[in-house]
Structures are given as structure tokens and as C-alpha cells.
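Please look over the sequence and the structure shown here before reading on.

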Amino acid sequence: MVIPFTGGKVIVTSHEIVIKLSGEYMVTLQAQIDAIGLIGRGANVIAANGSETKWSIKLDNEQQIQQIAEQIGIQVQ
């Protein structure tokens, strides 16, 4: 599943999330599902925190977070 947002796009599979940011630097963030946390309630943040990974990114709206939660089976906090 591909979810576009203002900063680029989120690619969600059953095993990982890949975020490709648009712009001249072509930044890509990647994390396995077990390192992902989803924060809703207006924050609309995907947070990755694992042994070798730590990043977060804010999405445009709660609907995007809900779509990701449904796809990967993680509850929004």
C-alpha cells in the first residue's frame, strides 16, 4: 500500500514501512514492523525505535495513520 503525504510517500507492507521523502536529497527511512509505533490524537506520527533504528515523521492527518494501522495490524496510541 502506498500512502502519499505532503512530504513524500509511505510504502507499507506486512513486514516493513518505507518512507520516501521528496526533495533534492532523496531521503528514505525504513523500519521493520516490530520497531514501529503509531501515535494518533492529532499528532499523526510514525515512530521507529529499534536496536539500530530511531526516527519519527509527522503525517498530514489521522486518516493516514489509521490506514497504516489497518494494514500492519498495530493499534494507534
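The model is a predicted one. Its chain holds 1 helix and 7 strands, and from the N terminus on these elements run β-β-β-β-β-β-β-α. The radius of gyration is 11 Å, close to the 11 Å that the globule rule gives for 77 residues, so the chain is as compact as a globular protein of that length.

**Overall dimensions and burial**

- Taken along the principal axes, the box filled by the C-alpha atoms of the chain is roughly 35 × 30 × 20 Å.
- Of the 77 residues, 38% count as buried.
- Among the contacts in the chain with a separation of 6 or more, 32% are between residues 24 or more positions apart.

**The sheet of 4 strands**

- This open sheet has the strand order β1-β2-β3-β4, and its pairing is antiparallel.
- The edges are taken by β1 and β4 (28–32); each has a single partner strand, so one side of each is left without a neighbour in the sheet.
- From one strand to the next, the twist averages 15 degrees.
- Strand β1 (residues 2–5) and strand β2 (residues 8–12) run antiparallel and are joined by 4 bridges.
- A hairpin is formed by β1 and β2, with 2 residues between them.
- Opposite Phe 5 stands Gly 8 in β2.
- Strand β3 (residues 16–21) pairs with β2 in the antiparallel sense over 5 bridges, and Val 12 has Ile 17 in β3 as its bridge partner.
- Helix α1 packs on this sheet and touches β1, β2 and β3, with its direction at about 165 degrees to that of β1.

- Over 4 bridges, β5 pairs with strand β6 (residues 45–49) in the antiparallel sense; Ile 46 in β6 is the bridge partner of Leu 38.

**Helix α1**

- An α-helix has 3.6 residues a turn, so residues three or four places apart point the same way.
- The buried residues in α1 are Gln 64, Ile 65, Ile 68, Ala 69 and Ile 72.
- These residues cover an arc of only 140 degrees around the axis, which puts them on the same side of α1.
- On the other side of α1, Gln 63 and Glu 70 are exposed.
- The cover over the buried residues of α1 includes β1, β2, β3, β5 and β6.
- At the N-terminal end, Asn 61 caps α1 through a side-chain oxygen that lies 3.1 Å from the backbone nitrogen of Gln 63.
- After α1 comes Gly 73, with a positive phi near 75 degrees.

**Leu 38**

- Leu 38 lies in strand β5 and has a relative accessible area of 0%, so Leu 38 counts as buried.
- Not counting residues up to four places away in sequence, Leu 38 touches several residues, including Val 45, Ile 46, Ile 65, Ile 68, Ala 69 and Ile 72.
- Leu 38 and Gln 66 are 28 residues apart along the chain, and their C-alpha atoms are separated by 8.8 Å.

**Gln 64**

- Gln 64 has its place in helix α1.
- With a relative accessible area of 6%, Gln 64 is buried, because the cut-off for that term is under 20%.
- Leaving aside neighbours within four places in sequence, Gln 64 is in contact with Ile 3, Pro 4, Phe 5 and Leu 59.

Note on methods. Residues numbered from 1 in each chain as written. Predicted model: local features only at pLDDT ≥ 70, side-chain atom pairs only at ≥ 80, totals over all residues. Heavy atoms only, no water. Pairing = 2+ DSSP bridges. Buried < 20%, exposed > 50% of the residue type's maximum accessible area, 1.4 Å probe, protein only. Contact = heavy atoms within 4.5 Å. Axes fitted to C-alpha atoms, helices over the stretch in contact; angles between N-to-C directions. Arc of directions from axis to C-beta. Polar contact = N/O pair within 3.5 Å; in protein donor to acceptor, adjacent residues only side chain to side chain. Rg over C-alpha atoms; globule rule 2.2 N^0.38 Å.
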